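Trainee: I have a fold to go through and a list of labels to check. Can we test each label against its definition?

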Amino acid sequence: MKLAVCAEMVFTELPFLERVERIHAAGFGVVIWNWPDKDIAGLKKTGAAFSSMTGYVGGSLTHDQDRLLETAEQSIQVALELGCPRLNLHGTELDERGLPVLPQYAVSGADWLTAARTLERLAKLADRYDVMFVLENLNTEVDHPGVPFGKAADTLALVKAVDHPRLRMMLDLYHAQIGEGNLIELIGKAFPYLGEIQVADVPGRCEPGTGEINYPAIAAALRQHGYDGTVDLEAFASSDSELALRRFRAAFTNAEI
């Protein structure tokens, strides 16, 4: 497994480029969120390996799909400049607090069909540029109320329905623990469709070892399935960011803290 760290959530006392440099120097790949507020040339100069980034700026799977496709193509251009292979999607556009711009508390059968068709268009777009879109599950109980298709079961169902190698699942185990639990069985069900995995502990959304999730057992389950993709730390540091990175590495490699 390859390990990456979200620069939005650690070393927050530092300017963003310095965060990326610290993560890169520690031997991790880097995850970023929205790109329009980033110094793309500066990010490129860090020499960091970027694992994933947000793959759209506006629109949703069921409303204003043309806007979603338009900003997805713009995002792809940035990803290609950074050498970032995966672009992250959610069920709808999120604001700066992670809340949906247009909350949708229920989805109809027509919404499911529209979402699948939109994802088919995105997969074809990804095919054209040799990148991958990954659809992330989000919890609606704590962090993202009103986001449609939030559960891991929903994102997995959509990815399976589209069944395209350029559309995979971003399995966020923090969100899945809050929304569904039963994580090891979920990994088995989702394994053929995984594009990337994100982790944080529950409660608190801090690094592994600070909450209830047995991440060494999660790592063992991933190895048992033969997972050789990327696992991202998308978590706040409970105290010191360097310690958070060491705990993350230890959970997935059996390294000493």
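Mentor: Start with two helices. H4 and H5 pack at an angle of about 60°, and their axes are 9 Å apart. Axes are lines fitted to C-alpha atoms, for helices over the stretch in contact, and angles run from 0 to 180 degrees between N-to-C directions. This is a predicted model: local features need pLDDT of at least 70, side-chain atom pairs count only at pLDDT 80 or more, and totals for chains, interfaces and linings use all residues. Residues are numbered from 1 along each chain as its sequence is written, and side-chain values use heavy atoms, with hydrogens and water left out.

Trainee: Why are H4 and H5 called oblique to each other?

Mentor: Angles under 35 degrees count as roughly parallel, over 145 as roughly antiparallel, 65 to 115 as roughly perpendicular, and the rest as oblique. The angle here is about 60°. H4 and H5 are therefore oblique.

Trainee: Which residues make the contact?

Mentor: H4 gives Trp112, Ala115, Ala116, Leu119 and Glu120, and H5 gives Asp154, Ala157, Leu158 and Val162. Contact means heavy atoms within 4.5 Å.

Trainee: What do H4 and H5 lie across?

Mentor: H4 lies across S4, S5 and strand S6 (167–172), at about 145° to S5. H5 (residues 152–162) lies across S5 and S6, at about 165° to S6.

Trainee: What makes S7 mostly covered?

Mentor: Buried means under 20% relative accessible area, exposed over 50%, partly exposed in between (1.4 Å probe, protein chains only). In S7 (residues 194–199), 6 of its 6 residues are buried.

Trainee: How do you know that S7 pairs with S6 and S8?

Mentor: Two strands pair if DSSP finds at least two bridges between them. S6 and S7 have 4, and run parallel. S7 and S8 (residues 230–233) have 3, also parallel. Met170 has Glu196 of S7 as its bridge partner, and Gln198 stands opposite Asp232 in S8.

Trainee: What do the strands form together?

Mentor: A barrel: 8 strands close in the order S1-S2-S3-S4-S5-S6-S7-S8, with parallel pairing. The twist averages 25° from one strand to the next.
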